[in-house]
Amino acid sequence: MKSFEHRLTPLRAGAAGLALLFAGALASAAALADAAPASLTAAYDRLLPLAGGSNFRDMGGYFTADGRQVRRGVLFRSGVMTGLTAEDQAYLEEFGFERVVDLRSTEERALYPNRWAEAQGIELLAHDYSMAEIVERMVDEDGQPRGMGELYRGFPYQLEPQLKLFFDAVLAGQVPLVVNCSAGQDRTGFTSALLLLALGVPREVVLQDYLFSTRYRRPLVERGDVDLAAAAEDNFFARLMLRYSEGGEVREAQPLLTEDGVPYLRFALDQLEQDFGSLERYLEQRLGVDAADREALRERYLVATYARH
């Protein structure tokens, strides 16, 4: 006769399976509760319809390698948001944003403050640093430009404080959330890429998403009506903007590619893989995002689907 303990084994296994299933269901339910209403997400493809927005878009909708899909209406990315109109802000209020993670320098935030987050009482997470720290990496000892590739190679290290703020917020479920910089393409592009890759979105898809910024940016909106000449007296970023616009107003975004067609983002991803061996080891060793955290991200922000990609 089987022992009582032996007869309990299948029951325990079944209970453990049910517990795991229940935990997954709870995570999915929490993510659904956090997401924007379906009526809102159905009204746009990727870019949000904002009169005063630039590159403000949903990171959701992409398929992962295992066939799941990133939830829509939860994770967003953007350029500067100073130009958002009253109508834009009313529209965004319907999403119920919980956090803004601002990757910009102290000078950028002073020159172009996020009035929307302040008016709506949305907590803004940021790290104080000077734009001069980024510019220094882009020139050599003789003052000659090193190129965008060198800038991107530094992102895994230079952006570490902001990346920790971002992943802490995402892991804590403080969503809907939007992460931004000035153009929403370089620092935001790298940050968004790390999250999408951690969720299991294929690298080539992530690179394509990065390149969409050229299409979605609106440089004139980003420039706004700030008196750069006056601000340049004591704001380093304003001086950079003046220098950048010396040849006239920049009306179109420039492609994020080298002359050989290599996306700048590839330099950052290649650098962290060279230094750490893999994205996963970088996330764990530098940002504290371990395997359990990555699984938690996938449970919260991915949805099962029968759609093929």
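Biologist: Why does Arg99 count as buried?

Modeller: In this predicted model, Arg99 has a relative accessibility of 14%. Buried means under 20%, so Arg99 counts as buried.

Biologist: What makes Arg99 and Glu98 a salt bridge?

Modeller: Their side chains meet at 3.9 Å, N to O, and the cut-off is within 4 Å.

Biologist: Why are Glu160 and Lys164 separated by about one helical turn?

Modeller: Because they are four residues apart in helix α8, residues 160–171.

Biologist: Why is the pair Tyr152 and Tyr210 called edge-to-face?

Modeller: The ring centres are 6.1 Å apart, and rings pair within 6.5 Å. The planes stand at 85°; over 60 degrees counts as edge-to-face, so the pair carries that name. Tyr152 lies in helix α7 and Tyr210 in helix α10, 58 residues apart. Both Tyr152 and Tyr210 are buried.

Biologist: What makes Phe276 and Tyr282 an edge-to-face pair?

Modeller: Their centres are 5.4 Å apart and their planes at 65°. That angle is over 60 degrees, so the pair is edge-to-face. Phe276 and Tyr282 are both buried.

Notes:
Residues numbered from 1 in each chain as written. Predicted model: local features only at pLDDT ≥ 70, side-chain atom pairs only at ≥ 80, totals over all residues. Heavy atoms only, no water. Phe/Tyr/Trp six-rings, centres within 6.5 Å; stacked < 30°, edge-to-face > 60°. Helix = DSSP H or I, 4+ residues; strand = E, 2+ residues; numbered from the N terminus. Buried < 20%, exposed > 50% of the residue type's maximum accessible area, 1.4 Å probe, protein only.
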